[in-house]
Amino acid sequence: MGGFAYGMIEVLWRRRTHISMVITGGLCFIILYKIFKKCTDIALISKCVIGSAVITVLEFFCGCIVNLWLRLNVWDYSNVAYNLLGQICLYYSILWGLLTIPISIVCKGINKFNPRRFLKQKQKESCCSSHVSQ
């Protein structure tokens, strides 16, 4: 879901995407989902900082592999201020922090409607009701 969503954002933003971005977007979503699921009481601003850091780090590693090592030239931030090796930059790190807001909302929705959680709750209710009826 995260990979597809990020791929669509890239197509809207740049008019193109690359499979490496879909994979990286999916990985970012999975990592953030696991963090936000475990730490439910994190303030939104903290989620944005965490999201920005996670996405920027993964973007850097992906960029080093895809752009520098394999020379696929998927993106190049060399002309953007405050960049590191043309793979990450402050401008996009801030945007990733803002993108964390809808990611956080989606993660919360997934947790709320998680079928396993619903089944566990039903099992717990049936266990409790069997003890009460005895």
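What percentage of the 134 residues of the protein count as buried? In this predicted model, the share of buried residues is 35%. The protein has five helices and two strands, and these elements follow one another along the sequence in the pattern α-α-α-β-β-α-α. Among contacts with a separation of 6 or more, 55% are made by residues 24 or more positions apart.

Two helix pairs that share helix H3 were examined. Packed helices are described by the angle between their axes and the distance between the axes. For helix H2 (residues 19–38) and H3, the axes come within 10 Å and cross at roughly 150°. Angles over 145 degrees count as roughly antiparallel, and H2 and H3 are therefore roughly antiparallel to each other. Their crossing is right-handed. On the H2 side, the contact is formed by Ser-20, Met-21, Thr-24, Leu-27, Cys-28, Ile-31, Leu-32, Ile-35 and Phe-36. These residues meet Lys-47, Ile-50, Gly-51, Val-54, Ile-55, Leu-58, Cys-62 and Val-66 in H3. Classified by residue type, the contact of H2 with H3 has 13 nonpolar, three polar and one charged residues.

The second pair consists of helix H3 (residues 44–69) and helix H4 (residues 90–112), whose axes come within 7 Å and cross at roughly 120°. This angle makes H3 oblique to H4. The crossing of H3 and H4 is right-handed. H3 contributes Leu-44, Lys-47, Cys-48, Gly-51, Ser-52, Ile-55, Thr-56 and Glu-59 to the contact, while H4 contributes Ser-93, Ile-94, Trp-96, Gly-97, Thr-100, Ile-101, Ile-103 and Ser-104. The contact of H3 with H4 comprises seven nonpolar, seven polar and two charged residues. Lys-47, Gly-51 and Ile-55 of H3 take part in the contact with H2 and also in the contact with H4.

The loop between strand S1 (83–84) and strand S2 (88–89) contains Gln-87. Gln-87 has a relative accessibility of 2% and therefore counts as buried, the cut-off being under 20%. The side chain of Gln-87 is joined to that of Asn-67 by a polar contact of 2.7 Å. Apart from neighbours within four places in sequence, the residues in contact with Gln-87 are Glu-59, Phe-60, Gly-63, Cys-64, Asn-67, Leu-68, Trp-75 and Tyr-77. Of these, Glu-59 also belongs to the contact of H3 with H4.

The backbone of the loop between H3 and S1 was considered next. Most residues other than glycine have a negative phi. Asn-73, which is not a glycine, has a positive phi of about 50°. Asn-73 is placed in the loop between H3 and S1 and is exposed, with a relative accessible area of 59%. Tyr-82 is likewise a residue other than glycine with a positive phi, here near 55°. Tyr-82 too has its place in the loop between H3 and S1. With a relative accessibility of 68%, Tyr-82 counts as exposed, the category being set at over 50%. By contrast, Gln-87 in the loop between S1 and S2 counts as buried.

Notes:
Residues are numbered from 1 along each chain as its sequence is written. This is a predicted model: local features need pLDDT of at least 70, side-chain atom pairs count only at pLDDT 80 or more; totals for chains, interfaces and linings use all residues. Side-chain values use heavy atoms; hydrogens and water are left out. Axes are lines fitted to C-alpha atoms, for helices over the stretch in contact, and angles run from 0 to 180 degrees between N-to-C directions. Helices (H or I, at least four residues) and strands (E, at least two) are DSSP runs, numbered from the N terminus. Angles under 35 degrees count as roughly parallel, over 145 as roughly antiparallel, 65 to 115 as roughly perpendicular and the rest as oblique. A crossing is left-handed if the near helix is turned anticlockwise from the far one by less than a right angle, and right-handed if clockwise. Contact means heavy atoms within 4.5 Å. Ala, Val, Leu, Ile, Met, Phe, Trp, Tyr, Cys and Pro count as nonpolar, Asp, Glu, Lys and Arg as charged, and the others, Gly among them, as polar. Buried means under 20% relative accessible area, exposed over 50%, partly exposed in between (1.4 Å probe, protein chains only). A polar contact is a pair of N or O atoms within 3.5 Å; within protein, one must be able to donate a hydrogen and the other to accept it, and residues adjacent in sequence count only if both atoms are side-chain atoms.
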